Amino acid sequence: MNPRAFSTLGCPGADLDEVVRLARTGPCSGVELRCFSRQLIHPESDPAEADRIAGALRRAGLAVPVLASYVQVAADGPDVVEQLARHITLAARLGAGQVRVFGGGAGLPRGRRERAVRHLAAAAPLAAAAGVGIALETHDEFLTGAEVAEVLEAVGSPAVGAVWDAVNPWRAGESPERTAELLGPWLRHVQLKDVASPTDLRPVLPGRGVLPLGDVLGQLRRLGYDGWISLEWERAWYPDAAPLAEALPAFHRVLDAV
């Protein structure tokens, strides 16, 4: 059975005790930590605070599969690699397996792929030395498995892989079978969710929306993927969504059924 996690995106404002309590409501053995201002962890977190969080999660039997950064690797700026380095250091301190990154670069389409490749290639040795992966999510300007795989093939480092956000390639018209085929060699982490429609991305309890979750999970089985599957419940962006405590049981039911 794949290890299960959830993202703290689903419980904005929750303290560490609440995060641990939520994990204990079902068979979650990991927490995907959103790394952002005014969250449990953020890019400027004091090392002692990172150690405190890591220790508390470890004592609760919880791993940190992903530090969910907001670094945009296709941005055109002088400090992208420096941002990546800071997040890699923080992830290593937390014992996180991966640093999630976005593509970005929406305002500068020319050279976007080349910038992403350059920045990821420069940061890959830092990640490898720290024992932390960098994982580019199917998101924003790199919405599909095809777009992410093209970048990763050019980087060509085992330290750099992919996060498959199950909604985004599908709503862009890429089938789960095709996404799995493209991302298979690079797949490091999977985020599941469900939505009302391809154009209405309001969170719907897993199994009650239109995303073909069974197909996604079937493709993961076909790949032999034995890594983390995480519920990314976007309550931070949709405050009217059901609480994470209601979404987690639905998430577990979907996985248990498979």
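Reader: Is F102 buried or exposed?

Author: Happy to start there, keeping in mind that this is a predicted model. The relative accessible area of F102 is 8%. Buried means under 20%, so F102 counts as buried.

Reader: How many aromatic pairs does the structure hold?

Author: One case is F36 with Y70, whose ring centres are 4.9 Å apart. Another is Y70 with F102, at 5.7 Å centre to centre. For the whole structure the count is 2.

Reader: Is the pair of F36 and Y70 stacked, edge-to-face or tilted?

Author: The two planes meet at 55 degrees. Stacked needs under 30 degrees and edge-to-face over 60, so with its 55 degrees this pair is tilted.

Reader: How many residues apart are F36 and Y70?

Author: F36 lies in the loop between β2 (30–34) and α2 (47–59). Y70 belongs to strand β3, residues 66–72. The pair thus links distant parts of the chain, and the separation is 34 residues.

Reader: What kind of pair do Y70 and F102 form?

Author: This pair also links distant parts of the chain, with Y70 in strand β3 and F102 in strand β4, 32 residues apart. The planes are at 80 degrees. Over 60 degrees is the cut-off that matters here, so the pair is edge-to-face.

Reader: Moving on to the strands, which residue in β9 is the bridge partner of S197?

Author: Strand β8 (residues 195–197) and strand β9 (residues 200–203) pair in the antiparallel sense over 2 bridges. A hairpin through 2 residues joins β8 to β9. In β9, the partner of S197 is D200.

Reader: Lastly, how many disulfides does a search of the whole structure find?

Author: A disulfide is a covalent bond between the sulfur atoms of two cysteines. C28 is in none, as the nearest cysteine sulfur, that of C11, is 11 Å away. The sulfur of C35 is 15 Å from the closest cysteine sulfur, in C11, so that distance is too far for a bond. Over the whole structure, the search finds 0.

Note on methods: Residues numbered from 1 in each chain as written. Predicted model: local features only at pLDDT ≥ 70, side-chain atom pairs only at ≥ 80, totals over all residues. Heavy atoms only, no water. Phe/Tyr/Trp six-rings, centres within 6.5 Å; stacked < 30°, edge-to-face > 60°. Helix = DSSP H or I, 4+ residues; strand = E, 2+ residues; numbered from the N terminus. Buried < 20%, exposed > 50% of the residue type's maximum accessible area, 1.4 Å probe, protein only. Pairing = 2+ DSSP bridges. Disulfide = S-S within 2.5 Å.
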